[in-house]
Amino acid sequence: MKIQLSRQALLSELREQVRDLSEQNLLACYQCGKCSAGCPSIEAMDVMPSQIIRWVQLGQIEKALKSKTIWLCAACQTCKVRCPRGVDLARIMEALRQLVLRENLHYVHPNMISKEDLEELPQIALVANFRKFTP
Amino acid sequence: MSVLELSYMPGCTLKTKAKNFETTTLRLLELLDVQAEELPDWYCCGTTYSLASDNVINQLGPIRTLVKAKESGREELLVLCSMCYNTLRRAQELVRSDEEKRSKINEFMYDEETDFSGDEVRVVHLLTLLKEEIGFEALKQKLLKDAGDLKVAAYYGCMLLRPREIAVDPVPEHPSILEDLFAACGVESVYFPFRTECCGSYQTVNEKQVVISRTRAITESAVKNGADLIVTSCPLCYYNLDAYQPKVAEATPGFRRIPVMYVSQILALLAGLEETQDFNLHVVDPRPVLREKGLIGKDAVAAGEGE
């Protein structure tokens with residue numbers, strides 16, 4: 001995959017927003033891949049969690065925002081507790097989702113959920129889903 | 001033995017999909033001389049802790065509940081649901097450690113008359129209550145039945161263990177509180193490597209394939225290691241692991257179903273409280289296993305069965 005690096009990308013406002021919303025030291029990651037190895041949703045992802053943080057490091061925020069990966073995170077914290085560099089990747093995923101959702105875009109809309117699911121699913125699943133995927 | 005009195009927050013799901021968890025726990029606590037007073041006015045915990053640094057508004061629900069708990073005058077707040085436990089504890093840690101956010105949160109407390117600084121109430125999960133305050137030995141004294149050669153797979157999930165600061169076990173990477181509890185009650189638990197892995201959580205709403213795959217991995221691992229039952233304390237893990245097994249079976253030739261139960265259900269059965277259970281709430285019926293192991297009567301008709 002070709003990535004065009006630039007000073008502007010590295011200093012972009014979006015990248016700063018990710019840093020501020022996640023409160024993480026983005027440069028701490030040294031790409032060991034432990035987060036990707038432990039991620040429970042990895043088989044459904046288009047890019048690996050470790051690639052997401054690499055993109056964020058390199059200022060390629062728009063690429064990250066277009067990935068399906070950020071929406072497959074279940075906030076299980078496995079990556080966070082296993083990271084040898086103390087990076088909370090779940091917070092970076094949340095920051096990226098927030099950048100999309102704060103444009104008033106819904107990733108999930110209540111209308112999209114079938115009647116059967118609304119009756120069957122426990123409330124904790126629905127509330128958590130809306131918390132993570134609606135503005 | 002004196003009565004231990006504490007506040008109790010059930011959360012939403014214990015009143016609907018997870019009734020078995022609440023009814024069996026409350027009866028068990030009665031037996032153990034614990035008086036759990038449900039807060040008259042508790043709020044939705046938000047279920048998943050908000051991770052964005054500026055998202056203070058999502059902390060208001062859990063903090064309001066903690067304020068109510070403080071106002072009740074009781075020092076402890078009992079929670080059963082793992083998701084309530086996680087959000088309440090983390091919101092509490094935030095208020096305790098971040099002065100700026102604490103004052104911001106307090107600015108939203110229009111109706112609350114009590115200040116909250118983070119450490120006035122102890123949020124206690126059922127497992128911690130059983131271990132630290134009641135004691136596994138005292139619990140064992142109340143048990144009437146022998147589990148025989150029943151083998152359980154103790155499944156922790158995520159929310160009781162991560163992050164470390166709020167974990168119910170001092171060794172969250174390799175917890176043993178559930179296994180220790182069962183050992184004290186004479187129930188054998190098997191080790192299985194998926195016991196602290198994620199079930200897919202709220203992805204159950206729109207990424208069913210993820211949960212199918214997680215349920216397959218977790219249940220197959222439990223079966224392979226010789227378990228008769230999976231035991232958990234999280235209503236969402238319970239739902240995903242139980243309700244998804246028919247879907248897994250469709251896609252997996254030779255798949256063996258395994259019943260999933262709440263930890264309190266097993267303890268209640270051992271204490272002879274069979275009538276507290278509604279086995280119709282299970283997708284994978286635990287009755288055949290429980291009958292075989294002598295935990296329910298051979299011909300006793302449990303609630304709703306055989307109508």
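I began with Leu11(A), which is exposed at a relative accessible area of 53%; exposed means over 50%, buried under 20% and partly exposed in between, with a 1.4 Å probe and protein chains only. I found Leu11(A) in the loop between helix H1 (7-10) and helix H2 (13-22) of chain A. Helices here are DSSP runs of H or I with at least four residues, numbered from the N terminus. From the C-alpha of Leu11(A) to that of Leu58(A), 47 residues apart along the chain, I got 9.4 Å.

A note on the ground rules: this is a predicted model, where local features need pLDDT of at least 70 and side-chain atom pairs count only at pLDDT 80 or more. Residues are numbered from 1 along each chain as its sequence is written.

Next I looked up the domains of chain A, whose bounds come from an automatic or database assignment: domain 1 is 7-103 and domain 2 is 107-135. Their contact (heavy atoms within 4.5 Å) takes seven residues from domain 1 of chain A and five residues from domain 2 of chain A. The C-alpha centres of the two domains lie 24 Å apart.

I then checked for salt bridges (a side-chain nitrogen of Lys or Arg within 4 Å of a carboxyl oxygen of Asp or Glu) and found one across this interface. In chain A, the side chains of Lys132(A) and Glu94(A) meet in a salt bridge, 2.8 Å from N to O.

Last, I turned to chain B, where helix H9 (residues 235-243) has nine of its nine residues buried. Among them are Cys237(B), Tyr238(B) and Asp242(B).

Note on methods:
Chains are lettered from A and ligands numbered from 1 in the order in which they are written. Side-chain values use heavy atoms; hydrogens and water are left out. Helices (H or I, at least four residues) and strands (E, at least two) are DSSP runs, numbered from the N terminus.
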